[in-house]
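I opened the file and kept notes on each thing I looked up. The entries follow in the order I made them.

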Amino acid sequence: MSGFIGHRKLSSEPYQNVWEVLKNLELRTRQLHESERFLDDLLESIPDGICILEKNLTIRRVNRVMKEWFAHAAPLEGKKCFECHRHCEAGLQACDSCPTYRCFQSGKAEHILIAGPEGSPVEWIELLSYPIRDAVSGEITGAVQHLRDITERKRIEDDLRLEMAQRRQAEEKLKIHVGDLKGTNQNLEELLREVETKNAELERFSYTVSHDLRSPLFTISGFLALAEADLDKGDLDQVAYALKRISGAVEKMQELIDALLALSRAGRTVDQPDDVALDALASEVVELVNGSIAESEVRISIAPDLPVLWGDRLRLREMLQNLVENAIKYMGDQPEPRIDIGARRDGDQTVCFIRDNGMGIDPRYHEEVFGLFSQLERRQRGTGVGLALVKRIVEVHGGRIWVESEGLGHGSTFCFALPTKKPGHAETNV
């Protein structure tokens with residue numbers, strides 16, 4: 001009996017061990033269920049999409065948010081991640097654009113911005129992939145994808161980009177407006193300077209006209225009084241002399257008035273602008289001043305192949321005639337007076353010129369000679385309006401005029417540059 005009882009005691013120990021194992025197994029199972037339930041609660045409480053992947057990129061587990069966003073690919077478990085995401089470039093295989101594939105390669109977190117799936121409530125998603133490592137070996141066994149809805153952020157960023165683009169456009173327009181304002185201010189400053197110049201010229205004009213017109217009037221008035229006295233005396237010779245002086249004063253006044261009228265008309269065209277051949281125009285001017293040429297024995301040479309100008313033929317002839325007459329008038333005591341009418345190339349410009357071997361002009365007076373009533377040699381007959389008239393005509397035609405001279409005794413060259421093509425043509429020499 002005692003042996004039997006001892007045998008029973010010995011034989012009950014394995015069952016006791018199994019019971020303990022079962023109890024431990026039940027406890028661990030309960031703990032595992034609790035952990036799994038805790039993990040489920042954790043995953044489902046996260047407002048972002050969570051996706052757990054195996055190393056072969058197979059989806060093992062997703063949360064509710066992930067299922068809602070990718071309902072088109074349901075069920076997700078068991079599929080490869082690149083079968084669900086539109087960002088993959090290589091079709092149904094892993095590619096370098098996949099952040100999970102890259103995190104397996106680099107061993108660190110990777111991210112990418114992707115468009116939301118069709119029909120999804122989200123338009124833009126920021127996808128971050130984190131490698132899962134074995135706690136003991138450290139080997140990468142899978143990955144966690146964290147998908148964040150950035151639709152609103154993307155809209156704000158797009159709005160900011162649009163606003164910045166609009167601001168840049170506004171800044172560019174502002175720069176253009178500022179440039180226009182600067183150009184306008186510059187034009188206004190130029191106009192103001194021109195007005196100041198014109199005002200100064202007008203003041204000089206008024207003073208000179210008053211002086212030059214009064215001088216003949218004083219002459220007429222004085223000699224009328226003398227003629228009246230001589231008539232009372234019966235001295236007819238003195239009366240005739242007084243009348244002669246009166247006639248000269250009247251002629252001088254008429255000449256001055258005609259010159260002023262010509263200057264006032266210089267800014268207005270008479271004929272429609274057209275091509276004007278300079279060589280034909282020069283020949284015409286030589287014929288017009290032939291009397292002065294013969295009297296002064298000046299030899300005039302017209303160069304061949306002169307350019308064709310664009311402008312009012314009558315005004316251009318008036319301008320050229322004044323230049324030729326000016327050259328004849330200021331020839332001085334030159335024994336072999338000569339005037340050359342020609343043209344030369346100066347860079348991309350065609351410059352026309354009237355060159356003489358006369359008295360010459362001191363460089364100090366090169367600008368002054370074009371002023372109204374400027375006469376450097378007061379002994380010469382004239383009104384002092386001729387070169388001012390020439391300058392006005394040239395400027396009205398969009399050109400410029402200047403004088404070149406080394407000084408007294410070295411002759412003068414009056415140069416002008418005018419358009420040689422109709423406005424709007426491809427080439428224009430000014």
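**Entry 1: Leu-408**

Setting aside neighbours within four places in sequence, I found Leu-408 in contact with Met-359, Gly-360, Ile-361 and Asp-362. Leu-408 sits in the loop between S11 and S12. I took helices (H or I, at least four residues) and strands (E, at least two) as DSSP runs, numbered from the N terminus. Is Leu-408 buried or exposed? Its relative accessibility is 62%, so Leu-408 counts as exposed. My cut-offs were under 20% relative accessible area for buried, over 50% for exposed and partly exposed in between, with a 1.4 Å probe and protein chains only. The C-alpha atoms of Leu-408 and Met-359 are separated by 5.7 Å, although the two are 49 residues apart along the chain.

**Entry 2: What I am looking at**

I noted that this is a predicted model, in which local features need pLDDT of at least 70 and side-chain atom pairs count only at pLDDT 80 or more, while totals for chains, interfaces and linings use all residues. Residues are numbered from 1 along each chain as its sequence is written, and side-chain values use heavy atoms, with hydrogens and water left out.

I then took the totals. The chain has 10 helices and 12 strands. Of its 430 residues, 35% are buried. Among contacts between residues at least 6 apart in sequence, 57% join residues at least 24 apart.

**Entry 3: The cores**

I looked for nonpolar cores, meaning sets of buried Ala, Val, Leu, Ile, Met, Phe, Trp, Tyr and Cys residues joined through side-chain atoms within 4.5 Å. The largest has 36 residues, and Met-319, Leu-323, Ile-354 and Phe-416 have the most contacts inside it. At least two residues each come from helix H7 (278-288), H9, strand S9 (338-346), strand S10 (349-356), H10, strand S11 (400-404) and strand S12 (412-417). Which element gives the largest share of this core? H9 does, with seven residues. Another core, of 25 residues, lies apart from it and includes Val-65, Met-66, Ile-112 and Val-122.

Beyond residues up to four places away in sequence, Ile-341 touches residues including Ala-282, Ile-300, Val-324 and Phe-353.

**Entry 4: H9 against H10**

I fitted axes as lines to C-alpha atoms, for helices over the stretch in contact, with angles from 0 to 180 degrees between N-to-C directions. The axes of H9 (residues 313-329) and H10 (residues 386-396) come within 9 Å and cross at roughly 145 degrees. On the H9 side, the residues that meet H10 include Arg-315, Glu-318, Met-319 and Leu-323. On the H10 side, Leu-387, Leu-389 and Ile-393 are among those in the contact. The residues of this contact divide into seven nonpolar, three polar and two charged. Here Ala, Val, Leu, Ile, Met, Phe, Trp, Tyr, Cys and Pro count as nonpolar, Asp, Glu, Lys and Arg as charged, and the others, Gly among them, as polar.

**Entry 5: Helices with one buried side**

In H7, I found Leu-278, Leu-281, Ala-282, Val-285 and Val-286 buried. Why do the buried residues of H7 line one face? Seen down the axis, they fall within an arc of 140 degrees, so they line one face of the helix. The arc is that of the directions from the helix axis to the C-beta atoms. An α-helix has 3.6 residues a turn, so residues three or four places apart point the same way.

In H4 (residues 99-106), the buried residues are Pro-99, Thr-100, Cys-103 and Phe-104. Their arc around the axis is only 145 degrees, which puts them on the same side of H4. What covers them includes strands S1 (49-54), S3 (110-115), S4 (124-133) and S5 (140-149).

**Entry 6: Positive phi**

Just after H4, Gly-107 takes a positive phi of about 75 degrees. Glu-297 is not a glycine, yet has a positive phi of about 55 degrees. Glu-297 is in the loop between helix H8 (290-296) and strand S7 (299-302), and is exposed at 65% relative accessible area.

Note on methods. Contact = heavy atoms within 4.5 Å.
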